[in-house]
Amino acid sequence: MTTKPVNMDINVHHVTRVEGHGNIVVDIKDGQLEKCYFNVVEAPRFFESFLRGRNYTESALITSRICGICSPGHQLTSLKATEKAMGIQPSEQTIILRKILADAATLQSHILHVYFLAAPDLLSVPSVIPLVATHPDVVKRALRLKKLANDICDVVGGRSVHPNRMIPGGVTMVPTVSELKELQKRLKDAVPDILATVETVKSLAGNLPDFTRETEYISLKSKKEYAIYDGDIFSSDTGATKVDNYKKMTNEKIVEHSSAKHTSANRSSFMVGALARCNNSNDMFNETAQKAAKELGFKAPCFNPFFNNVAQVIEAGLVVQRMIEDIDKLIQMGPKEEPRPKIKVKAGQGVGCTEVPRGILYHDYTYDENGTVIGANCIIPTNQNFSNIDDDMRKMVPELVDAGKSRDEITFALEVLVRAYDPCISCSVHFLKVRFK
Amino acid sequence: MTKPKVAFFDFTGCEGCQLQKINCEDELIDILNAYEIVNFREASSVRRDDYEIAFAEGSISNSAQEEMIKKIREKAKILVALGACASTGGLNILKNFQDIEEVRHYVYGDKAHYFDTIPVKPVDKVVKVDYYVHGCPMDKGDFIRTVKSILLGKKPALPKYSVCVECKMKENECRFDYGEVCLGPITRAGCGARCPSNAFYCFGCRGLVDNPAANAEKEVLAKNNLTPEEIVLKFRLFYGYSEVSK
């Protein structure tokens, strides 16, 4: 315990190695925590508002541009919402292709985050750049895995950032058997890289801060598989509910310190993302994920937010194995070009939901009888984590002060905490709820 | 040879072009060896101001960003706009066609004043831009060519012809033959007709080609049963900066 009242003022302007612009603000006066929050300062883009008046065929194309990092996830969620609103059922082949795209996007994002954004903290370097000289094999391995993930997105989605093959009800082009076989071979060859990633993260896991705070974990969950593309909403506090009830699980609100809206469900905050998924769906781990979890000492439920990085590695293993299996399914079915879906345009409303790398994502559209957007509401995973980050900070700062940590040490710990969530701030301010009519 | 010092800055956008840079997996280590990166917030905690070449991504959408890009221009010998948002304003410009006061108040209510926002501008509406890498997202090959040219002290070349030319050279089937609306005839080339090659129409993300036959395109679109309002909506998606979208 400290004997002298502490005064401390921390203001980290534009936290580095996160997507988008956010500041950390802490103010301690006479030992009292007066201010302690993560402040989002990204410029608002009013994205949902300019969806108004656009045709349903453009919804995914436009909403993809909210976030380049999770653009495949935005597209798939958007397409699912549009399909729900218009009663469109895509083919089994399309769904498998979408699942592969979602898994590849997850792999790409997690590898980027673990190696490029989070690992430098654990190795006490400012970025991945010095690691090129000191750990060339590790950097090359990261690039190999990332390239593989991007190449899968290219082949399946046409492009990794803002894919161009995914349309309402189907796909514009289907990969050939030889393209699929080539990808599958590379995925099989990547398994040793995944195992090496597990080893690398295991060797660094001891550097992860020892901090726990039990919270509510929310993710999709499915009885059929580890849920990324589809499932019901699942809360570690209250169990499963249908995707259409998403508003009860988010309760968006404006807070003073942030241009991004915050959310809550059954407590003051909840967590979404890889850790939430691993906590909720570990019963659906495949062998690769089980092996990684065991190696990394992951036991559900895990209440240490820094273990989000560990959960990302487990998922990286999971999706590599699953993509190998899904490609088998496609090859067995014999990939066939699909005719352009015949869509009966009608008025309606639909909610789409998928797990994107940073957590559960909702798109909710209302269309008029011409298929023109008249209302849109989208809730981004990063927004859902902001309250949880604030609550973590409010528990962590007094603990660190009591442990006699310096201002610099506390500042660093808070930056690492924010980065552990892999926040995508660009995303979080691009969706501002606007209801027209 | 001392390595040229480079900085990357991001304004309002989706950060997809940031990702495209990191997605140059085969060339990334060579780029890191050829340049010294002194500022790249998304990838590194290092932040220095002694750069010679500045890459700016994203559009300018508030006054703080306006001030920042002016400072960057003062320091940088070469300023490159990366991607559609920086080069032409990109899809962000759709905001300018809305009643911003109404939308702000609708979204933020009595806290509207808290969120500074100005009409979205491409970087060159605020400061002089030396080179452009177009596209949403920018094309990796296009980016690498630009980086190489600058390193060699050459001016990066921009195609002066349309996506339609590249598409024909790839022998793609014309999207119009499928009853789709394609902006390939008036959009600047350089992407290798990426979307039509994936059986998806061109929606103009690289902006207008020099001297576009916009009226001829409008006629073609009208023949494809688009109303003038629908044509303007199509144009606004990525040509919002241009008179053709008015």
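Hi everyone, let's start with one pair: Asn11(A) stands opposite Val25(A) in strand 2 of chain A. Before going on, this is a predicted model, where local features need pLDDT of at least 70, side-chain atom pairs count only at pLDDT 80 or more, and totals for chains, interfaces and linings use all residues. Residues are numbered from 1 along each chain as its sequence is written, and chains are lettered from A and ligands numbered from 1 in the order in which they are written.

Back to our pair's surroundings. Strand 1 of chain A and strand 2 (residues 22–29) of chain A pair in the antiparallel sense over 5 bridges; strands pair if DSSP finds at least two bridges between them. Strands here are DSSP runs (E, at least two residues) and helices are runs of H or I, at least four, numbered from the N terminus.

What is the order of the open sheet? Its 3 strands in chain A run 1-2-3, with antiparallel pairing. Strand 1 (8–12) and strand 3 (32–40) of chain A are at the edges with a single partner strand each, so one side of each has no neighbour in the sheet.

And what lies across strand 2 and strand 3 of chain A? That's helix 11 (residues 381–402) of chain A, at about 145° to strand 3 of chain A. Angles run from 0 to 180 degrees between N-to-C directions, with axes fitted to C-alpha atoms, for helices over the stretch in contact.

Lastly, the two chains: the contact takes 44 residues from chain A and 43 residues from chain B, contact meaning C-beta atoms, placed from the backbone, within 7 Å. On chain A's side, helix 6 of chain A gives the largest share, 4 residues. Thanks, everyone!
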